[in-house]
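Q: I'd like a close look at one part of this model, taken helix by helix. Could you walk me through it in plain words?

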Amino acid sequence: MRYMLLLHYPEMGTDVIGEEAIAAGQAAFASYAAALQAAGALIAAEVLKPSQATTTITHQDGVPRIQDGPFADTKEQLGGVFIIEAAHLDAAMDWAAKAPSAQWGAVEIRPVATHTVAGVWTP
Amino acid sequence: MIEAGDEARRTAAHAARASFGRLVSLLAAANGDIAGAEDAVGGALEQALRTWPSAGVPANPEGWLLTVARNRQRDVWKSAANRTRSDRDLGEVPVPLDDLDPEDIGDRRLGLMFACAHPAIDPAVRTLLMLQAVLGFTTADIAAAYGQTPAAVAKRLVRAKHRIRETGIPFSIPDRPAAPARMQAVLEAVYGCFAIAWHDADGRSHQEPDSMAGEALYLAEILAELLEAEAEAWSLAALIAFSLSRAAARSGPFIPLEEQDPQRWDQGLIRTGEAYLRRAGMLGGPPGRFQLEAAMQAVHSARVHGAGVDWAALKTLAQALVVVAPSLGSRIALAAIIGRVDGAEAGLLILDALPPEAGRLAAFHATRGDLLARCGRIEEASQAFTLAAEREKDPAAARHLRLRSRG
């Protein structure tokens, strides 16, 4: 089965946690991605820029409304996603538990319903 | 009284439940769809009831049921595929069950039990799922035992089964290191089947066909046989057997365990409980929660052999239980036993040290009342029994507590 791991965590910049912690986090994510890749489980991964960089668009009465900032202004923000292939939920849970950000945030595991292959929806 | 006809019906009911669980676990494991598997197996059983009386029972009844259930499931898939695919694709409908051998069904119920008690499933619904998927109890049966409306129970079951399928919960035995925690959840869900069935049993014999408490023992026995080397599984089966042995003594007015006439207990079940507990003991390792609880029940059951209650042994076991499985319940039980071994004041000291939420439990006030009465503090004892009666859910036990509150 295909699962998306959604990484939510409080956004902490270099000024809060320091260069060293940022570098350690990046190293941890590098080995995590390598481990997923080596297991043949990694489909794709994206780490997002801080939510300050988000622009949100909604339509109100047919008029696009542009908002500076994320859709939900919460302490934890979506910081990245991993799309993985896992035999079942237990395997996906194992990978989720190993995500470095599980140490400082929440990892949501969502089964994928459908995805595109060369632009065509595929179950 | 169990008569020959009852015995036959009980055997038939057991066989039907066993087949139901084995077949559902097999079909559901193929695609995670418990509800679909239950429908297919239920339909096959209905078809068997219609055709077997005239055509005769096939040589391999379970194989026959599997074949019929599989065909029914395939029909459902094809018609679902019909709605979503174009005609030229129809030949490619995947039939994941074709490689199942009707001659060699095996037993995959353990995998189904692990799916029902998966950590991603609400703990409150795990027991309900097992009663339905593994034992084949209807939503109406379960609703009656839980004192809920069938609609409410159906809603929770449908949601949980949907979740198992959609999230990809596996029908397998988890790998280490997750295994011990996952097994504990399975044991607790099976114990939950018993606890709820016991509440419902109201003195009915576990041998009555369809007795839910009797089926909970059967479920614990399946689990023990499948987990073979797991002391806690055998201990849980022992604990349920010991408790069930006193079902007859529960009919009529409430009688506290110590005052029950051991001659009214079911000696066969006590022997069963003792055998399971011995088996657990032989497996070695530090005793777990169920082994300690079963051992405490064995001490009480030993009265059937003419012995008195060995309070010193109970104290040792209760002290261990408080360490292994700390809970308000186990600490209240320890207080009652300490009160017998070391004097009522010593027991009261333990109760006084419990956090305030213990006051919500009937057992806390009942034990307190008993210990106060033993100290001669009659007025306070009476108040404690009144508080206990107000919190007791079992009507017969509540009547007993009200009687004691009057001294």
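How many residues does H13(B) have, and how far does H13(B) reach from its first C-alpha to its last? And what does H13(B) pack against?

A: Keep in mind that this is a predicted model. H13(B) has 14 residues and reaches 20 Å from its first C-alpha to its last, close to the 20 Å expected at 1.5 Å a residue.

Now for what is tucked away. Leu314(B), Lys315(B), Leu317(B), Ala318(B), Leu321(B) and Val322(B) are the buried residues in H13(B). An α-helix has 3.6 residues a turn, so residues three or four places apart point the same way. The packing partners of the buried residues of H13(B) are helix H12 (289-301) and H14 of chain B.

Take the H14 side of that. H13(B) covers residues 311-324 and H14(B) covers residues 328-341; their axes come within 9 Å and cross at roughly 155 degrees. With angles over 145 counted as roughly antiparallel, H13(B) and H14(B) are therefore roughly antiparallel to each other. The crossing of H13(B) past H14(B) is left-handed. On the H13(B) side, the contact is made by Trp311(B), Ala312(B), Leu314(B), Lys315(B), Ala318(B), Gln319(B), Leu321(B) and Val322(B). Facing them from H14(B) are Ser330(B), Arg331(B), Leu334(B), Ile337(B), Ile338(B), Arg340(B) and Val341(B). Sorted by class, that contact of H13(B) with H14(B) has 10 nonpolar, 2 polar and 3 charged residues.

The crossing of H14(B) and H15(B) is right-handed, whereas H13(B) passes H14(B) in a left-handed one.

Who meets whom there? H14(B) brings Arg331(B), Ile332(B), Leu334(B), Ala335(B), Ile338(B) and Gly339(B). H15(B) answers with Ala344(B), Ala346(B), Gly347(B), Ile350(B) and Leu351(B). The residues of the contact of H14(B) with H15(B) split into 8 nonpolar, 2 polar and 1 charged.

Definitions and conventions. Residues are numbered from 1 along each chain as its sequence is written. Chains are lettered from A and ligands numbered from 1 in the order in which they are written. This is a predicted model: local features need pLDDT of at least 70, side-chain atom pairs count only at pLDDT 80 or more; totals for chains, interfaces and linings use all residues. Side-chain values use heavy atoms; hydrogens and water are left out. Axes are lines fitted to C-alpha atoms, for helices over the stretch in contact, and angles run from 0 to 180 degrees between N-to-C directions. Helices (H or I, at least four residues) and strands (E, at least two) are DSSP runs, numbered from the N terminus. Angles under 35 degrees count as roughly parallel, over 145 as roughly antiparallel, 65 to 115 as roughly perpendicular and the rest as oblique. A crossing is left-handed if the near helix is turned anticlockwise from the far one by less than a right angle, and right-handed if clockwise. Contact means heavy atoms within 4.5 Å. Ala, Val, Leu, Ile, Met, Phe, Trp, Tyr, Cys and Pro count as nonpolar, Asp, Glu, Lys and Arg as charged, and the others, Gly among them, as polar. The expected span of a helix is 1.5 Å times one less than its number of residues. Buried means under 20% relative accessible area, exposed over 50%, partly exposed in between (1.4 Å probe, protein chains only).
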